[in-house]
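Please describe the fold of the protein shown here, from its overall dimensions to its sheet and its nonpolar core.

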Amino acid sequence: MARANISPIWLEAYRTFDEIERRGLALRLTCRKCDIILSADLAVLIWSQGRAASPIDLHPRCKRWGCDGRMFFQAQVGTVWRPLISG
Ligand SMILES: [Zn+2]
């Protein structure tokens with residue numbers, strides 16, 4: 001997996017929650033199954049995952065009642081929300 005070679009440059013700022021907080025970047029979560037969109041709570045993520053952790057390729061469980069889907073993080077790049085998926 002030579003993922004470092006194909007990752008877009010804007011993804012670099014999202015390598016750690018610490019960096020995202022420092023830059024004040026917006027994050028949200030979307031469910032693959034039910035399509036619900038939730039705001040990501042950076043303080044809670046830092047508490048639960050650690051400052052060195054990354055939202056890239058992280059797929060938490062959907063928080064919607066009754067949904068067993070997995071979510072993925074999205075970052076706002078210009079006016080577009082892009083998935084934080086390295087591959
Ligand atoms: Zn869901």
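The report below moves from the chain as a whole to the sheet and then to the core.

This is a predicted model, in which local features need pLDDT of at least 70 and side-chain atom pairs count only at pLDDT 80 or more, while totals for chains, interfaces and linings use all residues. Residues are numbered from 1 along each chain as its sequence is written.

The protein chain has three helices and four strands, where helices (H or I, at least four residues) and strands (E, at least two) are DSSP runs numbered from the N terminus. Read from the N terminus, the order of these elements is α-α-β-β-α-β-β. A compact globule of 87 residues would have a radius of gyration near 12 Å, and the 13 Å of the protein chain agrees with this; the radius is taken over C-alpha atoms, and the globule rule is 2.2 Å times the number of residues to the power 0.38. Further values for the protein chain are tabulated here.

| Property of the protein chain | Value |
|---|---|
| Box filled by the C-alpha atoms, along the principal axes | roughly 35 × 30 × 25 Å |
| Buried residues | 16% of the 87 residues |
| Contacts between residues 24 or more positions apart | 64% of the contacts with a separation of 6 or more |

A residue counts as buried if 20 or more other C-beta atoms lie within 10 Å of its own, and two residues are in contact if their C-beta atoms, placed from the backbone, lie within 7 Å.

The four strands form an open sheet in the order β2-β1-β3-β4, with antiparallel pairing, where two strands pair if DSSP finds at least two bridges between them. Because β2 (37-39) and β4 stand at the edges with a single partner strand each, one side of each is left without a neighbour in the sheet. Strand β3 (residues 71-77) pairs with strand β4 (residues 80-83) in the antiparallel sense over four bridges, and Gln 74 has Pro 83 in β4 as its bridge partner. These two strands, β3 and β4, form a hairpin with two residues between them, and Gly 78 in the turn has a positive phi of about 70°.

The largest nonpolar core has twelve residues, among them Tyr 14, Phe 17, Leu 45, Phe 73 and Leu 84; such a core is a set of buried Ala, Val, Leu, Ile, Met, Phe, Trp, Tyr and Cys residues joined through C-beta atoms within 7 Å. Two or more residues of this core come from each of α2 (17-23), β1 (27-31) and β3. Leaving aside neighbours within four places in sequence, Leu 45 is in contact with Phe 17 and Ala 40.
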